[in-house]
Amino acid sequence: MENTGGGALLRNRRFESFLNTSSGQNVEETPKTLVKDELGERPRNDVYTDDDDGWVSAIISSIRIVTCFVSMMVTTFVWALIMVVLIPWPYERIRQGNIYGHVTGRMLMWILGNPIKIEGAEYSNERAIYISNHASPIDIFLIMWLTPTGTVGIAKKEIIWYPLFGQLYVLANHLRIDRSNPAAAIESMKEAARAVLKNNLSLIIFPEGTRSKNGRLLPFKKGFVHLALQSGLPIVPMVLTGTHLAWRKGSLHVRPAPLTVKYLPPISTESWKPDNVDDYVKMMHKLYAEHLPENQRPLP
């Protein structure tokens, strides 16, 4: 995901004023009238070429990563206590999980200090299935911060073993699937759709199913289409650019690359048919490829 945008994206405003007055980070929410299709026209903004791995840069990066980790552990511990108290109230735990994400995700992005540009903010509060490309740990922070309250995630069942964060994920009543068992995964998707409809929730999912190693868009899996068919919810694509340059997979070096989060208009799924699942997957993949810069599009 440069000036502080006022809209619904800046969650938990009690923390926003502190973060924005204490940081050099700028966040710009591009006005609706200025959002344009920038296909092929942004090589200077979307390609970050500063690979300075000197010792000063490395030290600053290490300090930021350690600060992120410690800060996240503190907020995770605090909200874990809140979740334990709220065990009898599942929906309130979902809400508190989102508040935790808004506070923690915003705080972590402030610590990292990357300039962030947000486009299409008017689509950020839809009740929908939010999907996002995934190429960096930063994507998680952005998704935590920018998805609306009342949104549940879907992750692999092994997330429960992630220290503290995994337990909070389960306590927050988010959803897990068994990706090693296709039949169990399909049933998990059906249960997820039922839970979303019953509790009037939104969903967030990474359709690639895993993180891209080089930032280029990977093939989409079909799960998000099945969720759309079963829930009837529209799909709101979130296109993330620059995150793979800011924090590359397998690296412990964070760079000040500029980030963009672009919400695309909701895509209705009411007329979608089960027989056309593959067509919908291809359509959504093509849409992403059209809105990503050249260095993040899938290779021919």
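**Helix packing and a cavity in a predicted model**

Helix 4 and helix 5 cross in a left-handed way (left-handed means the near helix is turned anticlockwise from the far one by less than a right angle, right-handed means clockwise). This is a predicted model, where local features need pLDDT of at least 70 and side-chain atom pairs pLDDT 80 or more, while totals for chains, interfaces and linings use all residues. Residues are numbered from 1 along each chain as its sequence is written, and side-chain values use heavy atoms, leaving out hydrogens and water.

Helices here are DSSP runs (H or I, at least four residues), numbered from the N terminus. The axes of helix 4 and helix 5 (residues 137–146) come within 6 Å, crossing at roughly 135 degrees; axes are lines fitted to C-alpha atoms over the stretch in contact, with angles from 0 to 180 degrees between N-to-C directions. Helix 4 and helix 5 are therefore oblique to each other (under 35 degrees counts as roughly parallel, over 145 as roughly antiparallel, 65 to 115 as roughly perpendicular, and the rest as oblique). Their contact, meaning heavy atoms within 4.5 Å, includes Tyr-100, His-102 and Arg-106 of helix 4 and Phe-141 and Trp-145 of helix 5. By class, this contact has nine nonpolar residues, five polar and one charged (Ala, Val, Leu, Ile, Met, Phe, Trp, Tyr, Cys and Pro count as nonpolar, Asp, Glu, Lys and Arg as charged, and the others, Gly among them, as polar).

Helix 4 (residues 90–112) also meets helix 3 (residues 55–85), with axes that come within 10 Å and cross at roughly 165 degrees. Helix 3 and helix 4 are therefore roughly antiparallel, and their crossing is right-handed. Among the residues in touch are Arg-64, Met-72 and Trp-79 from helix 3, and Arg-93, Tyr-100 and Met-107 from helix 4. This contact counts 12 nonpolar, seven polar and two charged residues.

Further along come helix 7 (residues 182–199) and helix 8 (residues 223–231), packed at about 45 degrees with axes 9 Å apart. That angle makes helix 7 oblique to helix 8, and the crossing is right-handed. Met-189, Lys-190, Ala-192, Ala-193 and Leu-197 of helix 7 touch Gly-223, Leu-227, Gln-230 and Ser-231 of helix 8. Five of these residues are nonpolar, three polar and one charged.

Finally, the largest cavity holds about 40 Å³ of space. A cavity is a set of points, on a 1 Å grid over the protein atoms alone, where a 1.4 Å probe fits but cannot get out; lining residues have an atom within 4 Å of a point. Points are joined across faces, edges and corners, and the volume is the space filled by probe spheres set on them. The lining includes His-134, Glu-208, Arg-216 and Gln-296, and it divides into three nonpolar, five polar and two charged residues.

Terms used. On a 1 Å grid over the protein atoms alone, a cavity is a set of points where a 1.4 Å probe fits but cannot get out, and a pocket is an open set with protein on both sides within 12 Å along at least five of seven lines; lining residues have an atom within 4 Å of a point. Helices (H or I, at least four residues) and strands (E, at least two) are DSSP runs, numbered from the N terminus.
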